[in-house]
Amino acid sequence: RVAGRVNGGFTVHASINPTLQEYAHNALRAGLISYDKRHGYRGAITKIKDINNWQEEISKIRKPAGSLGWELAVILGTDAEKANIGLSNGDEGAKGTIPFSELKWARKFINRNALGPAPSKPSDVVKQGDVVLVKLSDSASKTYKLMQVPEVNGSILAMDPHTGKVLAMSGGFMAIKRHQ
């Protein structure tokens with residue numbers, strides 16, 4: 001139970017449980033990301049033409065709304081096991097990799113009922129110069145996961161069935177980013 005003073009001497013009581021609220025946000029976010037991944041990869045955010053000047057070029061690109069704490073990255077090249085990336089996180093020349101295991105989900109989105117074939121190598125998913133969203137997977141090895149902002153929305157509401165008090169609620173993907 002949270003209480004606070006508002007203009008005019010009113011006291012506001014909310015039945016939201018902060019711990020349950022965090023669980024609700026995390027569960028909704030994870031569910032929407034998982035659902036969206038099962039419906040295919042929609043491709044790069046944009047493309048950098050001059051890969052030799054990638055640090056300057058990526059600094060001009062704005063992250064999409066809803067990208068949470070994810071980073072922009074440019075694909076510097078691929079081989080059979082990974083995609084090499086340059087990061088926009090402000091570190092001069094910050095680089096990492098996306099292992100193929102983190103790209104296998106990224107079947108090309110064709111339409112809401114069809115996906116392209118399963119990728120067999122990183123270059124089936126990303127190409128040099130592609131600007132993508134990534135999430136840090138392992139800081140020691142500087143490996144990342146390929147991410148995309150879900151196009152699907154959802155909501156969750158948790159209530160105490162005995163009292164009717166709202167314990168947690170969250171809705172949409174864009175709404176979640178404010179709570180990160």
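Which backbone nitrogen does a side-chain oxygen of Asn 17 reach at the start of H1? The backbone nitrogen of Thr 19, to within 2.9 Å. This is a predicted model, in which local features need pLDDT of at least 70 and side-chain atom pairs count only at pLDDT 80 or more, while totals for chains, interfaces and linings use all residues. Residues are numbered from 1 along each chain as its sequence is written, and side-chain values use heavy atoms, with hydrogens and water left out.

**Helix H1**

- Helix H1 covers residues 18–38, which is 21 residues. Helices are DSSP runs of H or I with at least four residues, strands are runs of E with at least two, and both are numbered from the N terminus.
- H1 reaches 30 Å from its first C-alpha to its last, close to the 30 Å expected at 1.5 Å a residue. The expected span is 1.5 Å times one less than the number of residues.
- The buried residues of H1 are Gln 21, Ala 24, His 25, Leu 28, Arg 29, Leu 32, Ile 33 and Asp 36. Seen down the helix axis, the buried residues of H1 fall within an arc of 150°, so they line one face. The arc is that of the directions from the helix axis to the C-beta atoms.
- An α-helix has 3.6 residues a turn, so residues three or four places apart point the same way.
- Tyr 23 and Arg 38 are exposed on the other side of H1. Buried means under 20% relative accessible area, exposed means over 50%, and partly exposed lies in between (1.4 Å probe, protein chains only).
- Just after H1, Gly 40 takes a positive phi of about 100°.

- His 25 sits in helix H1. His 25 counts as buried because its relative accessibility is 8%.
- The side chain of His 25 makes a polar contact with the side chain of Gln 21, at 2.9 Å. A polar contact is a pair of N or O atoms within 3.5 Å; within protein, one must be able to donate a hydrogen and the other to accept it, and residues adjacent in sequence count only if both atoms are side-chain atoms.
- Arg 29 is also found in H1. Its relative accessibility is 15%, so Arg 29 counts as buried.
- Arg 29 and Gly 172 are 143 residues apart along the chain, and their C-alpha atoms are separated by 8.7 Å.

**Salt bridges**

- The count comes to seven salt bridges. A salt bridge is a side-chain nitrogen of Lys or Arg within 4 Å of a carboxyl oxygen of Asp or Glu.
- Asp 36, Arg 42 and Glu 151 are linked in a network of salt bridges.
- Asp 36 meets Arg 42 at 3.0 Å, N to O. Asp 36 is buried, because its relative accessible area is 5%. Arg 42 is partly exposed, at 31%.
- Arg 42 also forms a salt bridge with Glu 151, the closest N and O atoms being 3.3 Å apart. This pair links distant parts of the chain, 109 residues apart. Arg 42 is in the loop between H1 and strand E3 (46–47), and Glu 151 is in the loop between E10 and strand E11 (155–159).
- Glu 151 counts as exposed, because its relative accessibility is 61%.
- Another salt bridge joins Glu 57 and Lys 60, with the closest N and O atoms 3.8 Å apart. Glu 57 is partly exposed, at 26%. Lys 60 is exposed, at 57%.

- Glu 56 is found in helix H2, residues 54–59. With a relative accessible area of 42%, Glu 56 is partly exposed.
- Glu 56 and Ser 88 are 32 residues apart in sequence and 9.3 Å apart in space, C-alpha to C-alpha.
- Lys 142 lies in the loop between strand E9 (130–138) and strand E10 (143–147). Lys 142 has a positive phi of about 55°, although it is not a glycine. Its relative accessibility is 48%, so Lys 142 counts as partly exposed.
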